[in-house]
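Work through the following exercises with the model open beside the text.

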Amino acid sequence: MIARLFNAPLGDSEAAMGVGTVGSSEAIMLAGLAFKRKWQNKRRAAGLPTDSPNIVTGANVQVCWEKFARYFEVELKEVKLREGYYVMDPAKAVEMVDENTICVAAILGSTLNGEFEDVKTLNDLLAEKNKETGWDTPIHVDAASGGFIAPFLYPELEWDFRLPLVKSINVSGHKYGLVYAGIGWVIWRNKEDLPDELIFHINYLGADQPTFTLNFSKGSSQVIAQYYQLIRLGLEGYRHVMENCMENMRVLKEGLEKTGRIEIVSKDVGVPLVAFSLKDNSSHDEFEIADLLRRYGWIVPAYTMPADAQHVTVLRVVIREDFSRTLAERLVNDIQKVLHDLDMLPSKMKAKMEMAGEDADRTLFGSKKTEMETQREVTTLWKKFVMERKNKSSGVC
C-alpha cells in the first residue's frame, strides 16, 4: 500500500520490497546498508577497492544519518547551508559525488524548517553525471516527515519512484502516518535494490519468514494501527487531515507575522510547521522566548542552524492533527505576552556588562572568576529579574 502511494513500479514483472521498522532511524540504517553492500559488490566484481565508501547529504540531515555513517564506517560528505537557503543544494551535492559515493540522500521535509528538497533537479543532474562518468550513483529519499504529506497535498510533485534514480524511500508512520510512536517503513523500488545476502530466512515459527531488521523482536500493535489508519481514512481522509494541518499552520504563521517582530523561516510548501526567528535579537534572543513560553505550558524548541548558517537561531512549532485552530490562536497570544514580558526585562547583554563591571572590581583586588562562574552568575541574575517580574504581575509578596 505504501509502495503504491510512492508510485513504485508494480507491474507483473516488478515488485517493490519493504520492511517495517521501529522508526525512520532504523529504516535509514537498513537503506544505507543496502546501498553500501550493493556498492561493495559492484566494486569487487570490477576488482576495485571497497575501503572508502561515502554518502552525500545536506548539513541539515537528522542525526540518524550521522549515526549510520559512524556505526557502519561510511564517510559523510555534507553540503553546507547558507543564510536564507537551509536545505541541500542539488548542484553542490552532485559536485561532491565521486566513484566511492554509495548514494545521495535527499530530505522530503527538513527537520529544521520543514522544507522539501528538490529531488527532481537532483535526479536530473545526477543522471547527467552518471552518463558522463559511467557511474550508477543512486538516490535515497528520507521522507520521514513528508512521505505521508506530499502524496495527499502535492500529488504532482515528483520526488518518489517516478524518478528513475530513486531506489529507496523511508517514512515514519508515527509522524504524519497518524500512528503512535514506534513505527517506520522503508521501501525499495524492486528486489534488485536490496541485496539478497542481507536478508535472513527463518522457519522455526512454522513457515519461511524473510527478515531484514536491526532489532528482531517488536510489537505488532503499530503495524496494525498503520494498516487500520490506511484503510479507515483512505486517500480522502488523509488528504483532509493534512489540509487541516496546513490551514492551522497558516493561522499560526499569519498571527506571528502580524506581531511585526518575527521573521518566518519555513516555507509554504513542505511539512506543516512554522519555523521563525526574531527580526531583532540584539536585546533578547529566541532561547529566552522558548524559556518564557514554558510558563504558559508550551515547549517550543529553539536551536541554531547547522554549518554554515550556525549564526541563525530559530524556534519551531510542528502542526499535528490534534493541533487545532484554537491552539494556534492561543499560542500566538502567548508569544505576544512573552515578547511584552521580555520588553520589560533588561537584556542579557546588559546583565553581562554589569557582571563585567563586577569582574573589573574583583580584578583590582586580585581575584578573577572563571568563565563558568561568570555564565552561572549571568543566568542567575537574569532569572532573578524574571522571577521578580513574575511575582509583581501575580501579586505575590
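**Exercise 1: a loop and its peptide bond**

D308 is part of the loop that links strand 12 and strand 13, strands being DSSP runs (E, at least two residues) and helices likewise (H or I, at least four), numbered from the N terminus. This is a predicted model, in which local features need pLDDT of at least 70, side-chain atom pairs count only at pLDDT 80 or more, and totals for chains, interfaces and linings use all residues. Residues are numbered from 1 along each chain as its sequence is written, and side-chain values use heavy atoms, with hydrogens and water left out.

Task: determine which form the peptide bond from A307 to D308 takes.

Solution: inspect omega, which is near 0° for the step from A307 to D308, and conclude that this bond is cis.

**Exercise 2: positive phi**

Task: state how exposed N7 and E73 are, given the accessibility of N7 and of E73.

Solution: 
1. N7, in the loop between helix 1 (2-5) and strand 1 (17-21), is not a glycine, yet its phi is positive, near 60°.
2. E73, in the loop between helix 3 (63-71) and strand 3 (75-79), is likewise not a glycine and has a positive phi of about 55°.
3. Buried means under 20% relative accessible area, exposed over 50%, and partly exposed in between (1.4 Å probe, protein chains only).
4. N7 has 34% relative accessibility and therefore counts as partly exposed, whereas E73 has 65% and therefore counts as exposed.
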